[in-house]
Amino acid sequence: MGNAKEGRDQGRDPRVQKWAPVCQAVALLLGPYAEVVLHDPDTDQILEIWNPMTSRGPGDPSLLGELDELDPSAQDVFGPYEKLLADGRRLSSVSAVLRDAQDRPSAVLCINLDRTPLEQASAVLSAFGAPTVQRPQPLFEQDWSERIQHIIGGYVRETGRPVERMTRQDRLAILGRLDEARVFAVRRAAPVVAGALRVSRSTLYGLLAELRTPSAKDRRP
């Protein structure tokens with residue numbers, strides 16, 4: 001088995017031998033949507049490529065540019081940055097400088113991820129999730145339970161606080177909106193509101209009494 005491996009590795013660049021398992025692992029994990037390229041920074045040529053997205057191959061120009069011009073604060077890892085292919089596909093790319101034992105740049109590893117499947121999935125999910133027209137008000141005008149859910153849900157999205165983390169002032173603010181919407185004119189609404197706010201009926205009635213009681217300032221002539 002060792003002789004077979006030596007036969008395969010004979011004539012391969014030692015850098016390819018060293019980094020091929022890593023490159024192949026990334027290509028297998030993200031394939032077929034990721035291209036993994038190992039570059040020679042000295043000759044500016046491609047050493048090896050896995051899952052190629054174009055016709056380029058080993059020995060072709062890398063066109064990496066000068067490593068000395070890269071931002072030294074990046075600590076040898078650059079990206080993710082955007083690339084475009086000739087067919088219009090957008091890629092998210094990451095490049096890493098691989099150094100030898102003397103801390104000199106030995107190779108440059110580039111991973112190019114095709115964003116097309118992600119963009120397509122995002123478009124499908126957005127189309128399903130986003131309403132295309134305004135909600136038909138006459139259809140929901142008499143649906144008081146729908147109105148309760150709409151008002152409470154709107155407050156949660158507005159403040160970013162779920163019902164279980166609401167303060168007394170939050171609940172008073174919601175009850176004020178529900179009162180303005182005449183929800184409590186419906187006899188069966190109070191228990192539904194109490195359940196939606198996760199409070200007891202007695203707590204709900206106490207909050208309503210507090211909400212509807214004029215303050216001392218309001219009672220002044």
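By the rule used here, the count comes to 17 salt bridges, a salt bridge being a side-chain nitrogen of Lys or Arg within 4 Å of a carboxyl oxygen of Asp or Glu. The model is predicted, so local features need pLDDT of at least 70 and side-chain atom pairs count only at pLDDT 80 or more, whereas totals for chains, interfaces and linings use all residues. Residues are numbered from 1 along each chain as its sequence is written, and side-chain values use heavy atoms, with hydrogens and water left out.

**Exercise 1.** Determine which parts of the chain are tied together by the pair Asp76 and Arg99.

*Solution.* 
1. The two side chains meet in a salt bridge of 2.5 Å, N to O.
2. Asp76 lies in the loop between β2 (45-50) and β3 (77-84), and Arg99 in strand β4 (residues 90-99), so the pair joins parts 23 residues apart in sequence. Strands (E, at least two residues) and helices (H or I, at least four) are DSSP runs, numbered from the N terminus.
3. Asp76 is partly exposed at 22% relative accessibility, and Arg99 is likewise partly exposed at 30%. Buried means under 20% relative accessible area, exposed over 50%, and partly exposed in between (1.4 Å probe, protein chains only).

**Exercise 2.** Describe helix α6, its buried residues and what covers them.

*Solution.* 
1. Helix α6 (residues 168-180) has 13 residues and reaches 18 Å from its first C-alpha to its last, close to the 18 Å expected at 1.5 Å a residue. The expected span is 1.5 Å times one less than the number of residues.
2. The buried residues of α6 are Asp170, Arg171, Leu172, Ile174, Leu175, Gly176 and Leu178.
3. What covers these buried residues includes α5 (144-159), α7 (189-197) and α8 (201-212).
4. Asp170, buried at 5% relative accessibility, forms a salt bridge with Arg161, with the closest N and O atoms 2.7 Å apart. Arg161 is partly exposed at 27%.
5. Just after α6, Arg182 takes a positive phi of about 60 degrees.

Note on methods
Contact = heavy atoms within 4.5 Å.
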